[in-house]
Amino acid sequence: MSSDIPQKIIRPAAEPVSATPEPARHDLERLDRLATLGLFSASMAHEIKNGLVAIKTFVEVLLEKGEDRELAGVVLRELKRIDGLATQVLQFATPKPVVLGPVNVPVLLDHSLRLLEPKLRSRLITLQRDYRAAPETVLGDEAQLQQVFINLLLNAVDAMGAGGTLTAATETAADKMKISIRDTGAGIAPENLAQVFDTFFTTKKNGTGLGLAISRRLVEAHHGTIEVQSKAGRGATFIITLPLA
Ligand SMILES: Nc1ncnc2c1ncn2[C@@H]1O[C@H](COP(=O)(O)OP(=O)(O)O)[C@@H](O)[C@H]1O
Ligand SMILES: [Mg+2]
(Lines give C-alpha, C1' and ligand atoms only; values in the text may rest on other atoms or scores of the structure.)
(Ligands and ions follow the chains in the order given, each with its own letter.)
Protein backbone atom coordinates (compact mmCIF):
# COMPACT_ATOMS: atom_id res chain seq x y z
CA MET A 1 0.00 0.00 0.00
CA SER A 2 1.42 3.39 -0.84
CA SER A 3 1.06 5.98 1.82
CA ASP A 4 2.30 9.46 2.46
CA ILE A 5 2.26 9.09 6.24
CA PRO A 6 5.69 9.76 7.66
CA GLN A 7 6.28 6.08 8.38
CA LYS A 8 8.50 6.54 11.40
CA ILE A 9 5.67 8.11 13.32
CA ILE A 10 3.64 4.93 13.44
CA ARG A 11 6.15 2.18 12.72
CA PRO A 12 8.78 0.68 15.01
CA ALA A 13 12.17 2.24 14.25
CA ALA A 14 14.20 -0.96 14.03
CA GLU A 15 13.01 -3.70 11.67
CA PRO A 16 14.73 -6.97 10.85
CA VAL A 17 16.51 -7.02 7.46
CA SER A 18 14.37 -8.38 4.64
CA ALA A 19 14.46 -8.66 0.85
CA THR A 20 10.93 -7.29 0.42
CA PRO A 21 10.69 -3.49 0.44
CA GLU A 22 9.88 -2.35 3.95
CA PRO A 23 6.34 -0.89 3.69
CA ALA A 24 5.08 -3.76 1.51
CA ARG A 25 6.42 -6.45 3.82
CA HIS A 26 5.10 -4.77 6.92
CA ASP A 27 1.62 -4.32 5.43
CA LEU A 28 1.49 -7.92 4.20
CA GLU A 29 2.45 -9.23 7.62
CA ARG A 30 -0.13 -7.02 9.23
CA LEU A 31 -2.85 -8.12 6.82
CA ASP A 32 -1.99 -11.77 7.42
CA ARG A 33 -1.99 -11.33 11.19
CA LEU A 34 -5.26 -9.43 11.04
CA ALA A 35 -6.93 -12.04 8.84
CA THR A 36 -5.98 -14.90 11.19
CA LEU A 37 -6.78 -12.92 14.27
CA GLY A 38 -10.03 -11.72 12.71
CA LEU A 39 -11.30 -15.20 12.00
CA PHE A 40 -10.28 -16.46 15.42
CA SER A 41 -11.75 -13.56 17.35
CA ALA A 42 -14.98 -13.50 15.35
CA SER A 43 -15.74 -17.13 16.20
CA MET A 44 -14.68 -16.61 19.80
CA ALA A 45 -16.79 -13.47 20.19
CA HIS A 46 -19.72 -15.31 18.68
CA GLU A 47 -19.42 -18.18 21.18
CA ILE A 48 -19.05 -15.76 24.08
CA LYS A 49 -22.19 -13.88 23.05
CA ASN A 50 -24.15 -17.14 22.80
CA GLY A 51 -23.05 -18.18 26.28
CA LEU A 52 -23.94 -14.78 27.70
CA VAL A 53 -27.58 -15.12 26.62
CA ALA A 54 -28.09 -18.09 28.97
CA ILE A 55 -26.28 -16.38 31.86
CA LYS A 56 -28.21 -13.14 31.34
CA THR A 57 -31.55 -14.97 31.38
CA PHE A 58 -30.61 -16.70 34.63
CA VAL A 59 -29.51 -13.47 36.34
CA GLU A 60 -32.69 -11.71 35.22
CA VAL A 61 -34.76 -14.48 36.82
CA LEU A 62 -32.80 -14.00 40.06
CA LEU A 63 -33.46 -10.25 39.90
CA GLU A 64 -37.19 -10.82 39.36
CA LYS A 65 -37.32 -13.13 42.35
CA GLY A 66 -35.62 -10.41 44.36
CA GLU A 67 -32.81 -12.76 45.36
CA ASP A 68 -29.40 -11.21 45.94
CA ARG A 69 -30.50 -8.03 44.20
CA GLU A 70 -27.24 -6.18 44.62
CA LEU A 71 -25.04 -9.03 43.42
CA ALA A 72 -27.35 -9.83 40.51
CA GLY A 73 -27.24 -6.15 39.52
CA VAL A 74 -23.44 -6.16 39.52
CA VAL A 75 -23.34 -9.38 37.50
CA LEU A 76 -25.81 -7.94 34.96
CA ARG A 77 -23.71 -4.80 34.54
CA GLU A 78 -20.57 -6.86 33.97
CA LEU A 79 -22.44 -9.07 31.51
CA LYS A 80 -23.43 -6.01 29.51
CA ARG A 81 -19.82 -4.85 29.47
CA ILE A 82 -18.54 -8.23 28.24
CA ASP A 83 -21.32 -8.34 25.66
CA GLY A 84 -20.32 -4.88 24.46
CA LEU A 85 -16.70 -5.98 24.16
CA ALA A 86 -17.66 -9.10 22.20
CA THR A 87 -19.80 -6.96 19.89
CA GLN A 88 -16.85 -4.65 19.29
CA VAL A 89 -14.61 -7.61 18.48
CA LEU A 90 -17.23 -8.98 16.09
CA GLN A 91 -17.59 -5.63 14.36
CA PHE A 92 -13.83 -5.39 14.04
CA ALA A 93 -13.41 -8.92 12.73
CA THR A 94 -16.22 -8.72 10.19
CA PRO A 95 -15.91 -5.28 8.62
CA LYS A 96 -18.89 -4.04 6.66
CA PRO A 97 -18.40 -2.78 3.12
CA VAL A 98 -17.96 0.96 2.86
CA VAL A 99 -21.16 2.72 1.74
CA LEU A 100 -19.91 5.84 0.03
CA GLY A 101 -21.75 9.12 -0.10
CA PRO A 102 -20.96 12.80 0.32
CA VAL A 103 -20.15 13.48 3.97
CA ASN A 104 -19.99 17.00 5.35
CA VAL A 105 -17.09 16.67 7.77
CA PRO A 106 -17.68 19.73 10.02
CA VAL A 107 -21.31 18.68 10.44
CA LEU A 108 -20.30 15.13 11.34
CA LEU A 109 -17.60 16.37 13.73
CA ASP A 110 -20.13 18.63 15.45
CA HIS A 111 -22.57 15.75 15.69
CA SER A 112 -19.90 13.52 17.26
CA LEU A 113 -18.86 16.29 19.65
CA ARG A 114 -22.46 16.75 20.76
CA LEU A 115 -22.57 13.12 21.89
CA LEU A 116 -19.54 13.82 24.06
CA GLU A 117 -20.81 17.10 25.46
CA PRO A 118 -21.89 15.82 28.91
CA LYS A 119 -18.49 14.20 29.36
CA LEU A 120 -16.66 17.34 28.26
CA ARG A 121 -18.70 19.49 30.60
CA SER A 122 -18.20 17.26 33.65
CA ARG A 123 -14.45 17.20 32.98
CA LEU A 124 -14.26 20.98 32.46
CA ILE A 125 -12.72 20.47 29.02
CA THR A 126 -12.73 23.46 26.69
CA LEU A 127 -13.81 22.73 23.14
CA GLN A 128 -12.29 24.48 20.17
CA ARG A 129 -13.38 24.20 16.54
CA ASP A 130 -11.15 25.29 13.72
CA TYR A 131 -12.91 24.29 10.52
CA ARG A 132 -11.04 25.70 7.54
CA ALA A 133 -11.49 23.04 4.86
CA ALA A 134 -13.28 24.19 1.71
CA PRO A 135 -15.05 22.31 0.27
CA GLU A 136 -16.33 20.65 3.46
CA THR A 137 -17.28 17.36 1.85
CA VAL A 138 -15.47 14.04 1.44
CA LEU A 139 -16.71 10.86 -0.17
CA GLY A 140 -17.21 8.43 2.69
CA ASP A 141 -19.34 6.19 4.86
CA GLU A 142 -20.90 8.51 7.42
CA ALA A 143 -21.42 5.86 10.13
CA GLN A 144 -17.86 4.58 9.81
CA LEU A 145 -16.31 8.04 9.81
CA GLN A 146 -18.37 8.92 12.87
CA GLN A 147 -17.03 5.80 14.59
CA VAL A 148 -13.49 6.99 13.83
CA PHE A 149 -14.16 10.51 15.16
CA ILE A 150 -15.74 9.18 18.33
CA ASN A 151 -12.86 6.77 18.96
CA LEU A 152 -10.38 9.64 18.65
CA LEU A 153 -12.47 12.03 20.75
CA LEU A 154 -12.96 9.48 23.54
CA ASN A 155 -9.23 8.80 23.61
CA ALA A 156 -8.56 12.54 23.82
CA VAL A 157 -10.93 12.89 26.77
CA ASP A 158 -9.38 9.85 28.47
CA ALA A 159 -5.94 11.42 28.12
CA MET A 160 -6.95 14.73 29.66
CA GLY A 161 -8.40 14.10 33.08
CA ALA A 162 -9.87 17.39 34.31
CA GLY A 163 -9.37 20.63 32.34
CA GLY A 164 -7.52 21.09 29.09
CA THR A 165 -8.53 21.88 25.53
CA LEU A 166 -9.89 19.58 22.86
CA THR A 167 -9.56 20.89 19.31
CA ALA A 168 -11.29 19.59 16.22
CA ALA A 169 -9.89 21.06 13.02
CA THR A 170 -10.17 20.64 9.27
CA GLU A 171 -8.08 22.04 6.44
CA THR A 172 -7.63 21.46 2.74
CA ALA A 173 -4.26 20.24 1.49
CA ALA A 174 -4.05 19.74 -2.30
CA ASP A 175 -6.87 17.31 -3.23
CA LYS A 176 -7.23 16.04 0.34
CA MET A 177 -8.88 17.04 3.56
CA LYS A 178 -6.92 16.91 6.79
CA ILE A 179 -8.94 16.38 9.92
CA SER A 180 -7.18 16.73 13.26
CA ILE A 181 -8.24 15.91 16.77
CA ARG A 182 -5.86 17.55 19.23
CA ASP A 183 -5.78 17.30 23.00
CA THR A 184 -3.67 18.81 25.76
CA GLY A 185 -3.55 15.58 27.76
CA ALA A 186 -0.85 13.24 28.97
CA GLY A 187 0.53 12.54 25.49
CA ILE A 188 2.11 9.29 24.33
CA ALA A 189 5.46 7.99 25.55
CA PRO A 190 8.01 7.66 22.72
CA GLU A 191 8.28 3.89 23.28
CA ASN A 192 4.50 3.53 22.76
CA LEU A 193 4.15 5.77 19.73
CA ALA A 194 4.85 2.97 17.27
CA GLN A 195 2.27 0.67 18.84
CA VAL A 196 -0.84 2.75 19.45
CA PHE A 197 -2.52 1.54 16.22
CA ASP A 198 -1.76 -2.13 16.98
CA THR A 199 -4.68 -4.42 17.77
CA PHE A 200 -5.10 -4.86 21.55
CA PHE A 201 -2.44 -2.28 22.45
CA THR A 202 -3.73 -0.35 25.44
CA THR A 203 -2.27 1.45 28.45
CA LYS A 204 -5.67 1.70 30.15
CA LYS A 205 -6.90 -0.49 32.98
CA ASN A 206 -10.20 -1.09 31.21
CA GLY A 207 -9.05 -0.45 27.65
CA THR A 208 -9.69 -2.79 24.71
CA GLY A 209 -6.88 -1.56 22.49
CA LEU A 210 -9.28 -1.78 19.55
CA GLY A 211 -10.31 1.85 19.02
CA LEU A 212 -7.30 2.97 17.01
CA ALA A 213 -6.86 -0.37 15.22
CA ILE A 214 -10.48 -0.15 14.04
CA SER A 215 -10.07 3.52 13.18
CA ARG A 216 -7.01 2.85 11.06
CA ARG A 217 -8.74 0.03 9.24
CA LEU A 218 -11.79 2.23 8.51
CA VAL A 219 -9.71 5.20 7.35
CA GLU A 220 -7.64 2.98 5.05
CA ALA A 221 -10.86 1.53 3.60
CA HIS A 222 -11.60 5.16 2.65
CA HIS A 223 -8.20 5.39 0.90
CA GLY A 224 -7.09 7.72 3.63
CA THR A 225 -4.31 7.74 6.19
CA ILE A 226 -4.14 8.31 9.93
CA GLU A 227 -1.10 9.38 11.87
CA VAL A 228 -0.27 10.61 15.32
CA GLN A 229 2.05 13.27 16.63
CA SER A 230 2.72 13.43 20.32
CA LYS A 231 5.22 14.22 23.03
CA ALA A 232 4.78 12.77 26.49
CA GLY A 233 3.19 15.40 28.71
CA ARG A 234 2.42 17.67 25.76
CA GLY A 235 -0.82 16.22 24.40
CA ALA A 236 -1.49 14.33 21.20
CA THR A 237 -2.75 15.14 17.71
CA PHE A 238 -4.34 12.53 15.46
CA ILE A 239 -4.47 13.55 11.82
CA ILE A 240 -6.74 11.86 9.30
CA THR A 241 -6.21 12.58 5.62
CA LEU A 242 -9.07 11.75 3.25
CA PRO A 243 -9.50 12.30 -0.48
CA LEU A 244 -11.95 15.11 -1.25
CA ALA A 245 -15.28 14.17 -2.81
N1 LIG B 1 -5.21 11.14 22.65
C2 LIG B 1 -4.39 10.26 23.24
N3 LIG B 1 -3.50 10.68 24.18
C4 LIG B 1 -2.67 9.81 24.78
N5 LIG B 1 -2.62 8.49 24.50
C6 LIG B 1 -3.48 8.01 23.58
C7 LIG B 1 -4.40 8.86 22.91
N8 LIG B 1 -5.10 8.09 22.04
C9 LIG B 1 -4.65 6.84 22.17
N10 LIG B 1 -3.68 6.77 23.10
C11 LIG B 1 -2.93 5.57 23.49
O12 LIG B 1 -3.21 4.53 22.57
C13 LIG B 1 -3.74 3.40 23.24
C14 LIG B 1 -4.68 2.65 22.32
O15 LIG B 1 -5.86 3.39 22.09
P16 LIG B 1 -7.16 2.61 21.61
O17 LIG B 1 -6.79 1.76 20.44
O18 LIG B 1 -8.25 3.61 21.39
O19 LIG B 1 -7.50 1.64 22.81
P20 LIG B 1 -8.02 2.00 24.28
O21 LIG B 1 -8.62 3.37 24.25
O22 LIG B 1 -9.05 0.94 24.57
O23 LIG B 1 -6.82 1.88 25.18
C24 LIG B 1 -4.35 3.97 24.50
O25 LIG B 1 -4.44 3.00 25.52
C26 LIG B 1 -3.36 5.06 24.87
O27 LIG B 1 -2.22 4.53 25.48
MG1 LIG C 1 -9.85 4.09 22.72
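This is a predicted model: local features need pLDDT of at least 70, side-chain atom pairs count only at pLDDT 80 or more; totals for chains, interfaces and linings use all residues.
1. Let's start with where the ligand is. Ligand 1 sits in the largest pocket, and that pocket has a volume of about 770 Å³. Of the 31 residues lining the largest pocket, Asn-155, Asp-158, Thr-202, Lys-204 and Leu-212 are the closest to its centre.

2. Helix 5 makes the largest contribution to the lining, with seven residues. Sorted by class, the lining of the largest pocket has 15 nonpolar, twelve polar and four charged residues.

3. Now for the residues around the ligand itself. There are 19 residues around ligand 1, and those that come nearest are Asn-155, Asp-183, Thr-202, Thr-203 and Lys-204. This shell comprises nine nonpolar, eight polar and two charged residues.

4. Which atoms make polar contacts with ligand 1? In the side chain of Thr-202, an N or O atom is 2.5 Å from an oxygen atom of ligand 1. Lys-204 also takes part through its side chain, placing a polar atom 2.7 Å from an oxygen atom of the ligand. Gly-211 contributes through its backbone instead, where an N or O atom lies 3.4 Å from an oxygen atom of ligand 1. As for how covered the ligand is, ligand 1 taken alone exposes 530 Å², and the protein buries 92% of that.

5. Helix 5 (142-160), helix 7 (211-221) and strand 7 (236-243) are the elements that give two or more residues to the shell around ligand 1. Helix 5 gives the most to this shell, with three residues, and helix 5 also has the largest share of the pocket lining.

6. Two backbone details deserve a look as well. Most residues other than glycine have a negative phi, and most peptide bonds are trans. Against that background, the peptide bond from Ala-134 to Pro-135 is cis, with omega near 0°. You will find Pro-135 in the loop that runs between strand 2 (126-131) and strand 3 (137-140).

7. The other detail is at Leu-124. This residue is not a glycine, yet its phi is positive, at about 55°. Where does Leu-124 lie? Leu-124 is in the loop between helix 4 (105-122) and strand 2.

How values were computed
Residues are numbered from 1 along each chain as its sequence is written. Chains are lettered from A and ligands numbered from 1 in the order in which they are written. Side-chain values use heavy atoms; hydrogens and water are left out. A residue is near a molecule or strand if one of its heavy atoms lies within 4 Å of it. A polar contact is a pair of N or O atoms within 3.5 Å; within protein, one must be able to donate a hydrogen and the other to accept it, and residues adjacent in sequence count only if both atoms are side-chain atoms. Accessible areas come from the Shrake-Rupley method with a 1.4 Å probe; for residues, only the protein chains shown count as cover. On a 1 Å grid over the protein atoms alone, a cavity is a set of points where a 1.4 Å probe fits but cannot get out, and a pocket is an open set with protein on both sides within 12 Å along at least five of seven lines; lining residues have an atom within 4 Å of a point. A molecule sits in a cavity or pocket if more than half of its atoms lie within 2 Å of its grid points. Helices (H or I, at least four residues) and strands (E, at least two) are DSSP runs, numbered from the N terminus. Ala, Val, Leu, Ile, Met, Phe, Trp, Tyr, Cys and Pro count as nonpolar, Asp, Glu, Lys and Arg as charged, and the others, Gly among them, as polar. Grid points are joined across faces, edges and corners, and a volume is the space filled by probe spheres set on the points.
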